[in-house]
Amino acid sequence: MMEKMIFGRYLPLQSVVHRLDPRAKLLFIFGFVIVVFLANNALSYGLLAVFTLVFIYLSKINVRFLLAGLKPVIWLIAFTFLLHIFLTREGDLLFEAGFLKVYEGGVRQGAFISLRFLLLIFVTSLLTLTTSPISITDGLESLLKPFKKLKLPVHELALMMSISLRFIPTLMDETDKIMKAQMARGADFSSGPIKERVKAVVPLLIPLFVSAFKRAEELAVAMEARGYKGGEGRTKYRLLHWQGRDTAALIILVVLAALLWWTRS
Amino acid sequence: MKTYEIVVCALFAALMAIGANVSPFLTIGGVPVTLQLMFAILAGGLLGSRLGSFSMMAYVCIGLAGAPVFAQFKGGPASILSPTFGFVLSFIAVAYATGKLLSEPAKKAAYLYTGAVVILLNYVIGTHYMYAAFRWWAEAPQGFSYAVAWSWMAAYLPLDLAVIALSLAAVPKIRLALSKRSVYIIKE
């Protein structure tokens with residue numbers, strides 16, 4: 001199960017998209033996710049597709065990586081497309097074979113919805129391909145700062161995210177080891193009724209949690225010994241710089257939204 | 001927040017990521033069952049309401065930031081659009097409620113009560129999100145309605161109930177194991 005957890009999805013290249021401030025990228029992506037839903041005809045979808053392709057081109061990311069990210073959802077996209085082709089009954093009849101009737105509206109609707117899905121996946125995976133997890137965390141921390149007023153511990157949350165990312169592989173290894181140790185003692189995780197299999201998980205939990213608490217204690221002591229005193233007045237090694245191109249990226253998004261609003265029917 | 005509290009929340013968020021994907025041996029109809037509900041309950045039960053819900057928030061943020069920590073190794077900002085994202089959000093509420101209702105020393109009735117609240121929170125938040133998703137942005141299968149959304153949940157109910165019962169029963173066991181090994185446990 002370890003192989004599937006790929007955290008090295010970040011591709012460190014030199015491109016405009018890579019150099020954008022993570023805050024700008026995060027705002028851009030969340031804006032884009034909303035803007036995509038404005039498109040509702042061929043012209044506006046075409047505009048979106050062109051825009052996304054330009055974005056991909058600028059990022060210098062090999063299309064192969066984007067397609068690899070598509071693998072888990074390709075069946076879902078194909079399924080929704082087929083569902084629409086056969087079930088939507090609008091527009092002219094294009095094709096008839098027995099009880100199967102394909103209408104023009106169905107093909108159009110299916111193509112649009114699959115395209116929307118595809119574009120969303122491309123653009124959101126560009127975020128993780130062009131931004132390292134640490135910069136994403138930094139960006140999130142900075143963007144969530146206003147929520148500090150609501151007593152949400154933003155700095156702490158960002159730190160939790162970084163620590164947690166670091167410890168997922170470690171704890172994963174540990175789970176694997178404990179599982180093997182319990183299997184050597186005769187625990188059976190892979191056969192028998194489901195209820196028994198869930199029950200077999202409990203002897204796995206106790207050592208796992210004990211070790212997690214112990215690790216936490218050690219790490220906290222180590223952090224404090226190195227002078228960690230919480231978020232107040234803490235300075236940073238990596239600073240985020242908002243530059244002209246970041247503002248430009250957001251302006252481009254607004255222009256795109258306006259264009260879509262104008263071309264949609 | 002104290003340093004130890006931050007770190008322990010981080011580790012629980014990491015455990016949650018493992019719990020979401022640790023069970024390749026548990027499948028129903030080909031879909032791997034996740035132990036997320038179990039880990040959310042344990043986060044609330046062992047860390048208390050405040051830290052438990054923070055650790056779940058950290059988990060959600062990690063997933064949204066792009067790490068493949070959600071069930072079936074999914075992640076990224078597009079997960080918000082997934083019809084099942086409501087269940088992920090409900091874990092924050094589940095951890096909070098478990099921590100609030102199951103403060104030590106808990107009586108037997110408290111466990112039953114907590115279990116009922118947990119399943120309600122999980123299903124109500126999750127199903128409504130799913131319904132909203134199919135209504136507004138995901139493409140609903142033909143004949144989708146509010147009742148259909150709930151009927152889908154019925155298939156998972158027995159397993160979820162079993163998982164909840166087991167997790168609630170595991171809370172005092174793990175607490176005992178921790179205190180025996182003189183591991184520091186947070187008292188709120």
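User: Which residues have the most contacts inside the largest nonpolar core?

Analyst: This is a predicted model: local features need pLDDT of at least 70 and side-chain atom pairs count only at pLDDT 80 or more, while totals for chains, interfaces and linings use all residues. Residues are numbered from 1 along each chain as its sequence is written, chains are lettered from A and ligands numbered from 1 in the order in which they are written, and side-chain values use heavy atoms, leaving out hydrogens and water. A nonpolar core is a set of buried Ala, Val, Leu, Ile, Met, Phe, Trp, Tyr and Cys residues joined through side-chain atoms within 4.5 Å, where buried means under 20% relative accessible area, exposed over 50% and partly exposed in between (1.4 Å probe, protein chains only). The largest one has 134 residues, and those with the most contacts inside it are A:Phe209, B:Met38, B:Phe39, B:Leu42, B:Tyr59 and B:Ile174.

User: Which helix gives the largest share of this core?

Analyst: Helices are DSSP runs (H or I, at least four residues), numbered from the N terminus. With 15 residues, the largest share comes from chain B, helix 1 (residues 3-21).

User: How much area is buried between chain A and chain B?

Analyst: Contact means heavy atoms within 4.5 Å, and 61 residues of chain A are in contact with 57 residues of chain B. Buried area is the accessible area (1.4 Å probe) that two parts lose on being put together, summed over both. Carbon and sulfur atoms give 86% of the total, which is about 5,500 Å².

User: Are A:Tyr45 and A:Phe112 stacked or edge-to-face?

Analyst: Rings of Phe, Tyr and Trp (its six-membered ring) pair if their centres lie within 6.5 Å; planes under 30 degrees apart count as stacked, over 60 as edge-to-face and the rest as tilted. That rule gives 13 aromatic pairs over all chains. Here the ring centres of A:Tyr45 and A:Phe112 are 4.5 Å apart and the planes are at 20°, so the pair is stacked.

User: How many residues apart in sequence are the parts that this pair ties together?

Analyst: A:Tyr45 is buried at 3% relative accessibility, and A:Phe112 is buried too, at 13%. A:Tyr45 lies in helix 3 (residues 42-59) of chain A and A:Phe112 in helix 6 (residues 104-130) of chain A, so the pair ties together parts whose separation in sequence is 67 residues.

User: Which side chain does a polar contact of 3.3 Å join to A:His155?

Analyst: A:His155 lies in helix 8 (residues 154-184) of chain A and is buried, at 10% relative accessible area. A polar contact is a pair of N or O atoms within 3.5 Å; within protein, one must be able to donate a hydrogen and the other to accept it, and residues adjacent in sequence count only if both atoms are side-chain atoms. At 3.3 Å, the side chain joined to A:His155 is that of A:Glu141.

How values were computed. Helix = DSSP H or I, 4+ residues; strand = E, 2+ residues; numbered from the N terminus.
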